Amino acid sequence: QGAQGLFSAGMQVAAMATQKLSEQLPPADGSGSALEQLQRRAAQAEQERDTIKKKASEFVAAKKAEWASQVAAKDARIAALEAELKQQVAGRDARIAALEARVAELEAAAPSAP
């Protein structure tokens with residue numbers, strides 16, 4: 001899903017860059033050579049490419065940070081649940097031990113059957 005979002009964002013930026021590029025280029029009316037126009041277009045395309053790379057890197061970094069935060073939150077929740085479970089088990093063990101001691105006490109106090 002993150003990769004799809006990154007691809008979609010890249011495609012949007014590329015579409016905007018193409019539109020901007022076509023708006024910025026002067027019509028070919030013979031005032032500039034075709035080579036100069038191509039050089040200008042290449043320079044603009046490289047600049048847009050660099051912008052797209054930068055935005056993609058920022059997006060990936062933001063998603064990595066978000067995922068790391070989510071994982072840390074889940075890990076903390078798991079640790080808390082494990083601690084709670086251990087505490088409950090220890091409480092149950094103590095209760096079982098107390099009940100077993102009481103049973104032994106009652107068995108010792110009860111008259112023996114012949």
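This is a predicted model: local features need pLDDT of at least 70, side-chain atom pairs count only at pLDDT 80 or more; totals for chains, interfaces and linings use all residues.
Now look across to A17: T51 and A17 are 34 residues apart along the chain, and their C-alpha atoms are separated by 9.6 Å.

A14 belongs to helix 1, which covers residues 2–24. A14 also comes out as partly exposed, at 29% relative accessible area.

## The overall layout

What does the secondary structure of the chain come to? Two helices and zero strands. Helix 2 takes in residues 34–109, while helix 1 runs over residues 2–24.

How far apart are the end C-alpha atoms of helix 2? They are 111 Å apart.

## Surface and burial

Of the chain's 114 residues, 5% count as buried. The chain exposes about 9400 Å², and 60% of that is supplied by carbon and sulfur atoms.

How many salt bridges does the count come to? Three. As a bit of background, side chains of opposite charge can pair when their charged atoms come close.

Take R49 and D50 to begin with. Their side chains meet in a salt bridge, at 3.1 Å from N to O. R49 is partly exposed at 41% relative accessibility, and D50 is partly exposed with a relative accessible area of 41% as well.

Then there's K63 with E66, whose side chains form a salt bridge at 3.4 Å, N to O. K63 and E66 both lie in helix 2, three residues apart, or about one turn of the helix. An α-helix has 3.6 residues a turn, so residues three or four places apart point the same way. As for accessibility, K63 is partly exposed at 24%, and E66 is partly exposed at 36%.

R102 and E105 make up another of these pairs, with a salt bridge at 2.9 Å, N to O. Here too, both residues lie in helix 2, three residues apart, about one turn of the helix. Is R102 buried or partly exposed? R102 counts as partly exposed, because its relative accessible area of 43% lies between the 20% and 50% cut-offs.

Methods
Residues are numbered from 1 along each chain as its sequence is written. Side-chain values use heavy atoms; hydrogens and water are left out. A salt bridge is a side-chain nitrogen of Lys or Arg within 4 Å of a carboxyl oxygen of Asp or Glu. Buried means under 20% relative accessible area, exposed over 50%, partly exposed in between (1.4 Å probe, protein chains only). Helices (H or I, at least four residues) and strands (E, at least two) are DSSP runs, numbered from the N terminus. Accessible areas come from the Shrake-Rupley method with a 1.4 Å probe; for residues, only the protein chains shown count as cover. The expected span of a helix is 1.5 Å times one less than its number of residues.
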